[in-house]
Amino acid sequence: MKERLLKVIYYFAEKGKHIGVKREVLRARLFPFYRFACMILYKFGRYLYLYHVELPVTQRCNLRCKNCVFMMPYFEKPRDFQTEDLLKYERKLFETIDAIQIFRILGGEPFLYPNLKPVIEEALNNDKIKTVEIVTNGTIVPPKDLLNTLKNPKLKIQISDYGELSRKRDEIKALCDQEEINCVIRGSDEKNWFDPGDLHFRGRNKQELKKQFANCGEICRNLHDGRLYFCPRAAFGTKLGIPDVESEYVDFTKDKERDQIRKEIYELNQKRYLVACNYCNEGTDEYVPIPVAEQLKNENKGN
């Protein structure tokens, strides 16, 4: 039964968008089933499953997207996360769970991170991780010393196509084809942008938050600075003003027993709403389509 459940989740999460289902509708419809499947697997099979986990390695980005879901342009002093810490928290997560379908490494812009290789290899070398993805904005060609690592059949580079802003897109794809590296280009027709709004408090009540949360349907967790958050908005937002609520993340920086961490991850997956939802428009009528990668002041930051 376990394998059947996992196959159903994978089909609808990855294939549903190719049969005409809008991404935001797909997520909202999938989430209740995903949450239920995680409950069945954990309660009756002692199997802790996460479909999708993202690991940001840097807050630095060479684009300044006005509506960046990770809010990169709004970090006054963007920083790289320490490699030793990233590896430590990867290992703790991998030791705790039983399987992760997709482990995604991103930024900011991940190819700005100077020591990416060991972070990638840590995920590739773990049998619990089914797929490793690196998401890039198509502006930086992967360095030569990474190419052998990137050839791993378990890995995929995903280029977010922002048109002229993704100025190295074709060069990256050509290099990947030449080196037999799995690489896909995702255009705006495949992944539209929506406006989550700024970080002001919305004042929604409990019932409104539950409705919003159900319509959001986020199945992607974010391992940010040693904490596993329910969603990237909650993860990055706590650095920019969203209340830091201890019950809404799993803290890998603290010394805890494995069973306790597993229980906390399971409970995170079963949340019905978050405090962070009151600082976001996703799942509401205000979550509307916007131009892809619109730049602040039409300028790039960095090189």
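These legends accompany several close-up views of one predicted model. Local features need pLDDT of at least 70 and side-chain atom pairs count only at pLDDT 80 or more, while totals for chains, interfaces and linings use all residues. Residues are numbered from 1 along each chain as its sequence is written, and side-chain values use heavy atoms, with hydrogens and water left out.

**View 1. Helix α3 packs against helix α9 at an angle of about 85 degrees.** Here you can see α3 (residues 83-96) and α9 (residues 258-269), whose axes are 9 Å apart. The two helices are therefore roughly perpendicular (65 to 115 degrees; under 35 is roughly parallel, over 145 roughly antiparallel and the rest oblique). Axes are lines fitted to C-alpha atoms, for helices over the stretch in contact, and angles run from 0 to 180 degrees between N-to-C directions. Helices (H or I, at least four residues) and strands (E, at least two) are DSSP runs, numbered from the N terminus. On the α3 side, Leu93, Glu95 and Thr96 meet Arg258, Ile261, Arg262 and Ile265 of α9, where contact means heavy atoms within 4.5 Å. By class, this contact of α3 with α9 has three nonpolar, one polar and three charged residues (nonpolar: Ala, Val, Leu, Ile, Met, Phe, Trp, Tyr, Cys and Pro; charged: Asp, Glu, Lys and Arg; polar: the others, Gly among them).

**View 2. Helix α3 also meets helix α4.** The axes of α3 and α4 come within 10 Å and cross at roughly 10 degrees, which makes α3 roughly parallel to α4. Thr83, Leu86, Leu87, Glu90, Arg91 and Phe94 in α3 touch Pro118, Val119, Glu122 and Ala123 in α4. Sorted by class, the contact of α3 with α4 has six nonpolar, one polar and three charged residues.

**View 3. Phe31, Phe213 and Phe230 form one aromatic cluster.** Searching the whole structure gives 11 aromatic pairs (rings of Phe, Tyr and Trp, the last by its six-membered ring, with centres within 6.5 Å; planes under 30 degrees apart are stacked, over 60 edge-to-face and the rest tilted). Phe31 and Phe213 make an edge-to-face pair, 5.7 Å centre to centre with 75 degrees between the planes. This pair links distant parts of the chain, with Phe31 in α2 (residues 23-45) and Phe213 in α7 (residues 206-216), 182 residues apart. Phe31 counts as buried at 1% relative accessibility, and Phe213 counts as buried at 5% (buried is under 20% relative accessible area, exposed over 50%, partly exposed in between, with a 1.4 Å probe and protein chains only). Look also for Arg221, whose charged end sits over the ring of Phe230, 3.8 Å from its centre (CZ of Arg or NZ of Lys within 6 Å of the ring centre and within 35 degrees of the ring normal).

**View 4. Tyr229 and Tyr249 are both buried.** Their ring centres are 5.2 Å apart and their planes lie at 45 degrees, so the pair is tilted. Tyr229 belongs to strand β8 (residues 227-229) and Tyr249 to strand β9 (residues 249-251), so the pair ties together parts that are 20 residues apart in sequence.

**View 5. Arg46 lies over the face of Tyr42.** The distance to the ring centre is 4.6 Å. Arg46 is found in the loop between α2 and β1 (49-56), and its phi is near 50 degrees, a positive value in a residue other than glycine.

**View 6. A cis peptide bond joins Gly107 and Gly108.** Omega is about 15 degrees, and Gly108 is in the loop between β2 (99-106) and α4 (116-124).
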